[in-house]
Amino acid sequence: MSKSPAEEPGRPSLTKRVDRDGSLVAALRRGDPMAAEDLVATYGDRACRLATRITCNLQDAEEAVQDAFLFGIRKIDSFRRESAFGSWLYRIVANAAHQRYRRRGGRVADISLDQLLLMFDEHGRHVAPVADWSMTVDDPARQMELRRVLSSAIAELPADYRVVELLRDVDGLSRQEIAETLGLSVTNVRKRVHRARLFLRKRLEAHLSSAGIESTPSVA
């Protein structure tokens, strides 16, 4: 019988995680002088990664996390256990990071489907063939260049799209986990991930086309 993720070696069980969070929440509510340090030790690294992906700026991310943790400690009595404590905390971090990002003039505009989505027929099939760059992408000589182009394209995404794309495709979180972390619906997460991926694909296609690299037509 295969083991569930919670039973895999090296990963804390769900029970242990709940117990840990329960003890941490109780300590925060008591005003335990060590609770803040435990909070940072438990959630600081991941919170900083989340904030960095929203702000694209380490200093802004660190300040957002500090603001979020202080707010979370002050408002700990508002945590009602309707979701996991970590999800509740990450939503506070995400909100603080978005505020920093907007304060710095970051873009918050939506991505237009008209600009990104391919044409579909009445059966949901692509009207035009989709370019297949897989043979080119597999060329080791182009890996570093493509990583640079991809990183630049990710930075172009509005923060709301960038964070869900990175949480999904880099961190490997499920749509449900992302929804809980950011306070979104699963449908909204799915839509943003899809649009972000299309945007990145178009940026890569534009780069490869401008470099004169031929693709193989295929139908998605």
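The model is predicted, so local features need pLDDT of at least 70 and side-chain atom pairs count only at pLDDT 80 or more, while totals for chains, interfaces and linings use all residues. Residues are numbered from 1 along each chain as its sequence is written, and side-chain values use heavy atoms, with hydrogens and water left out.

Let's start with the whole chain. Its secondary structure comes to 10 helices and two strands, where helices (H or I, at least four residues) and strands (E, at least two) are DSSP runs numbered from the N terminus. Along the sequence these elements follow the pattern α-α-α-α-α-β-α-α-α-α-α-β. Of the 220 residues, 35% count as buried; here buried means under 20% relative accessible area, exposed means over 50%, and partly exposed lies in between (1.4 Å probe, protein chains only). Contacts, meaning heavy atoms within 4.5 Å, reach across the sequence: among those with a separation of 6 or more, residues 24 or more positions apart account for 69%.

The buried residues of helix 3 are Asp 60, Ala 61, Ala 64, Val 65, Ala 68, Phe 69 and Gly 72. Seen down the axis, these buried residues fall within an arc of 160°, so they line one face of the helix. That arc is taken from the directions between the helix axis and the C-beta atoms. The buried residues pack against helix 2 (35-55) and helix 4, whereas Gln 59 and Arg 74 are exposed on the other side of helix 3.

Ala 68 shows this packing in detail. This residue of helix 3 is buried, with a relative accessible area of 1%. Not counting residues up to four places away in sequence, Ala 68 touches Ile 92, Val 93 and Ala 96. The C-alpha atoms of Ala 68 and Leu 89 are separated by 7.8 Å, though the two residues are 21 residues apart along the chain.

Now turn to helix 4 itself (residues 85-103). Its 19 residues should span 27 Å at 1.5 Å a residue, and its end C-alpha atoms are 27 Å apart, which agrees. Of those 19 residues, 14 are buried, so helix 4 is largely enclosed by the rest of the structure. After helix 4 comes Gly 105, whose phi is positive, near 90°.

Beyond its neighbours within four places in sequence, Ile 54 is in contact with Ala 94, Ala 97, His 98, Tyr 101, Ala 159, Arg 162 and Val 163. Ile 54 and Ala 94 are 40 residues apart in sequence, yet 7.5 Å apart in space, C-alpha to C-alpha.

Between helix 2 and helix 3 there is a loop that holds Cys 56. Most residues other than glycine have a negative phi. Cys 56, although not a glycine, has a positive phi of about 60°. Cys 56 is partly exposed, with a relative accessible area of 45%.

Leu 157 sits in the loop between helix 7 (143-156) and helix 8 and counts as buried at 0% relative accessibility. The C-alpha atoms of Leu 157 and Phe 199, 42 residues apart along the chain, are separated by 8.0 Å.

The axes of helix 8 (residues 159-169) and helix 10 (residues 186-210) come within 9 Å and cross at roughly 95°. That makes helix 8 roughly perpendicular to helix 10, on a scale where angles under 35 degrees count as roughly parallel, over 145 as roughly antiparallel, 65 to 115 as roughly perpendicular and the rest as oblique. These axes are lines fitted to C-alpha atoms, for helices over the stretch in contact, with angles running from 0 to 180 degrees between N-to-C directions. From helix 8, Asp 160, Tyr 161, Val 164, Glu 165, Arg 168 and Asp 169 meet Arg 192, Val 193, Arg 195, Ala 196, Arg 197 and Leu 200 in helix 10. By class, this contact has five nonpolar, no polar and seven charged residues; Ala, Val, Leu, Ile, Met, Phe, Trp, Tyr, Cys and Pro count as nonpolar, Asp, Glu, Lys and Arg as charged, and the others, Gly among them, as polar.

Note on methods
The expected span of a helix is 1.5 Å times one less than its number of residues.
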